[in-house]
Amino acid sequence: MHELFEAQVAKTPDAVAVVCADERLSYGELNARANRLAHHLIALGVTPGDRLATMLDRSVVLVVAQLAILKAGGVYVPIDRSLPPARQSWMMADCAARLVLTNSDDDLVEVTIPVLPIEPLMTGAGLSTDPGLALTAEAAAYVMYTSGSTGLPKGVVVPHRAVNRLVINNGYAQFNASDRVAWVGNPAFDISTLEVWAPLLHGSSLIVIPYTDALQPGVLRGLVQQHRISVLHLTAGLFNQRAADLGPVPASLRLLLVGGDAVDVAAVARILSQSRPQHLLHCYGPTETTTFATVCEITAIDETLQRLPIGRPIANTRVYLLDGHGAPVPLGAVGELYIGGAGVARGYLNRPELTAERFLADPFSGEVGARMYRTGDLARYLPDGNLEFLGRIDDQMKIRGFRIEPGEIAARLVEHASVRDAAVVACEDRSGEKRLVAYVVTAAEHAGEAEETELAGTLRTHLGARLPEYMVPSAFVRLAVLPLTPNGKLDRKALPPPEDDAYARAAYEAPRGEIEIALAQIWAELLGLERVGRHDNFFELGGRSLLALQVLEQLRRRGLTLELSAHIASPRLDQCAEKVRSRSKDGRKSAGQLISLRVAKSRPLILCHARGGGLSIYDDLVRALPPTQNIYGIHALNFGHELARVRSIDEIAEVYARAILPVLPDMACTLAGWSFGGVLAHAIAGVLISAHVRVDFVAMIDSAYPSVLEAPLSLSMDQEWSEFLIFLAEEGGLSPQHGATTEIRPADFAALALALSGAWKIGAPALEEIFQVFVRHIRAGRLYVPKKVSALGVSYNQNSANTATSWRAVFDSVIEAPPLPGDHRSLLKHPNVVVLADDLSNRLFADAVLHSSAIE
């Protein structure tokens, strides 16, 4: 690869090689910088085959680093800088990296191998001639880590010949010296292989697009136009959600490449009709076969088409569809996809058993030593010779003895006019029985219709006419968009569990027995209803987690107990009453301020309430976190408790710490809090640590650092009332300027309850109690001076917001997590919350691996 680059340097040394913001380097300048760094690496003892990690964002520096490593005979291993430090360290140890190349060693938290800041070495004195090391095409060029089924990533070892086959004489895209190729992909994902090496091996220009710019359609559109970009790749997820916002940009492109997951056919049709690029290519291929294996140029869209074909093999690539015995399937039949040819990787690093399982001898090739990769993907040949991708072979499932292919159900769902996109998975219901659940995104032109009709009933009827009964899902969950992983694929872990409103609703039946009647009266009072039936669902009636806490308090006053987790798990009145009855019989007490939100065997994650005292703000986050995560919530709505007597954050933290300690069998946990909850999390961490609890880290979610000097020590009653109205507006979705609230006098809770009855169904007594909690937290927060705690802080903020700097003084260290989409409140709402949940779960997982390894 580097020799082909050097040939371009000799041919056009003054041509622009790479552009990043205001910085641009010619081929000659880029080569000289890479040579200086390569000679330095060789002097440090780097030899052919050594692996060197790069911890760099996409930039000129990263291009120099990758070139230099190859010139020194090494293998580059890109590590995503946004990963948790423990996961980064695991990857570096797994690949036995000799060095870590980065901008500054300050970026690294947990690295035990030498770190080399490379900026001074590129521009300083040193040899700028080509090192001239000879390597074969079979030599490893890079190791790219992908997720593994065991929970630990696996490193794919890719040789030079595989990259050359991807970008040179490839049969699908004739790159040339006049191209200007956008670098949009994460350097740790394999699409960056195409984006970087296609221009550099053809004498054209690589245009670096910063991460945040790629996510903003307006900014991306401007950059494409400013830099006259001619080649652009978008993941299916980005294309589906952003294509309509690119305006005239696609028409200016020579090549628009899309792939990585299911592409929205309607979005492709709009691009072709409104802003058609010269070539629109639908691309398919796993990392193990070097980015792309098949490509289909899309020139027209059939109105009846449900999915785009993935096309035919690119040059020097072979594709086979085989049955379970390894024999080719007939034309049109479904088979497992195997890929052979020059793009097949060498295997998985340090995983000989898995390599032997997935990388097999190719019995259909006459080439000695030829291998093929078993993808686990299902496909079939269409009559025109193109391949159609149908899903993963391991997506197949058995329910009540029937073998089911979820891709077939999803395909039938999108045939309905109201459905734009769909995914089908198997979930266990409360009885442990597996049931099919469909997740649907409604088409924009039918969104209103879908809201006004019984969508679940409509789609059941639609599928019942086309599929056998056992293939019709039990529940239908409507989503704004299907959640995506950072590399643009469907994130199955982020799919929320179905609420009862996804199922059929039952007819009214009067409550039975004292507990059901009492519970129905409480629900009716809190929700402002005339009657509640024994089969009614609390959340379908307009209830929220915050109101569920009020249910618990009302039951407590009647001498009954119920845990919030039981209420949420059994929201139907008759089922909920059974939970109350069992709790009252065995005499167990409620958990007070600490509530179990999910029971699992992992180390607890404890979520701290915000100013209102409730936990409803975390509803979407809890759903988005993996089901294996043990989660507790700290709330302040158990009125009459000793909290009513405390007046400072430190005193509140003492109360909460006492509630937390009994649920920590190994004396370890993680704390997290949004807004004011982050302040509480910090204070609680200090108390727990003093009690010899190990706090793995404290997640500060858009939490402003409390500054006594910058704020008045107290507010007037009018000011406190005004802030309370804003809080209720945010909780209930009512505009803060709504006339029904702005005219209400302070402490007139009856009038406020009436004004909010349409949006926030809650009675005057409950409003008064919430107001008391809210004001207590406002006053305590204004007097709080954080003390330093011996823990790691992780700062999560929206987009360009940055509060990490202030918090650094009161933690051992603070890590800035990747920016979160959305504003202060919507970052915790679906689908934005998926980004936070993914990062948080990765850090929790990494800590669990780190500490379990330490114990072993």
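**Notebook: cysteines, a sheet, a helix and a serine**

I began with Cys608: its sulfur lies 9.0 Å from the closest cysteine sulfur, in Cys669, which is too far for a bond. A disulfide here is a pair of cysteine sulfur atoms within 2.5 Å, and the structure holds zero of them. I reminded myself that a disulfide is a covalent bond between the sulfur atoms of two cysteines.

A note on the source: this is a predicted model, in which local features need pLDDT of at least 70 and side-chain atom pairs count only at pLDDT 80 or more, while totals for chains, interfaces and linings use all residues. Residues are numbered from 1 along each chain as its sequence is written, and side-chain values use heavy atoms, with hydrogens and water left out.

**Entry: are these cysteines buried or exposed?**

I looked up relative accessible area, where buried means under 20%, exposed over 50%, and partly exposed in between (1.4 Å probe, protein chains only). Cys608 has 0% relative accessibility, so it counts as buried. Cys576 also counts as buried, because its relative accessibility is 0%.

**Entry: the sheet**

Helices (H or I, at least four residues) and strands (E, at least two) are DSSP runs, numbered from the N terminus. Two strands pair if DSSP finds at least two bridges between them. In what order do the seven strands of the open sheet lie? I read E27-E29-E28-E30-E31-E32-E33, with mixed pairing. E27 (594–598) and E33 (813–816) stand at the edges with a single partner strand each, so one side of each has no neighbour in the sheet. From one strand to the next, the twist averages 25°; axes are lines fitted to C-alpha atoms, for helices over the stretch in contact, and angles run from 0 to 180 degrees between N-to-C directions.

Next I followed the pairs. E28 (residues 605–608) and E29 (residues 631–634) run parallel and are joined by four bridges, and Ile606 stands opposite Tyr632 in E29. E28 also pairs with E30 in the parallel sense, over four bridges; there the bridge partner of Ile606 is Leu671. E30 and E31 pair in the parallel sense over six bridges, and Cys669 stands opposite Val695 in E31. The chain goes from E30 through H22 to E31 in a right-handed β-α-β crossover (with the strands pointing away from the viewer, the path from the first strand over the helix to the second runs clockwise).

**Entry: which residues of E30 point each way?**

Ala668, Thr670, Ala672 and Trp674 point one way, and Cys669, Leu671 and Gly673 the other.

**Entry: helix H6**

H6 (residues 160–167) is mostly covered, with seven of its eight residues buried. I listed His160, Arg161, Ala162, Val163, Arg165, Leu166 and Val167 as the buried ones. After H6 comes Asn169, whose phi is positive, near 50°.

**Entry: Ser205**

I found Ser205 in strand E10 (residues 205–208). Ser205 counts as buried because its relative accessibility is 7%. Where does the side chain of Ser205 reach? I traced it to the backbone oxygen of Val16, at 2.8 Å. Not counting residues up to four places away in sequence, Ser205 touches Val16, Ala17, Asp179, Arg180, Val181 and Pro199, contact meaning heavy atoms within 4.5 Å.

Technical notes:
Polar contact = N/O pair within 3.5 Å; in protein donor to acceptor, adjacent residues only side chain to side chain.
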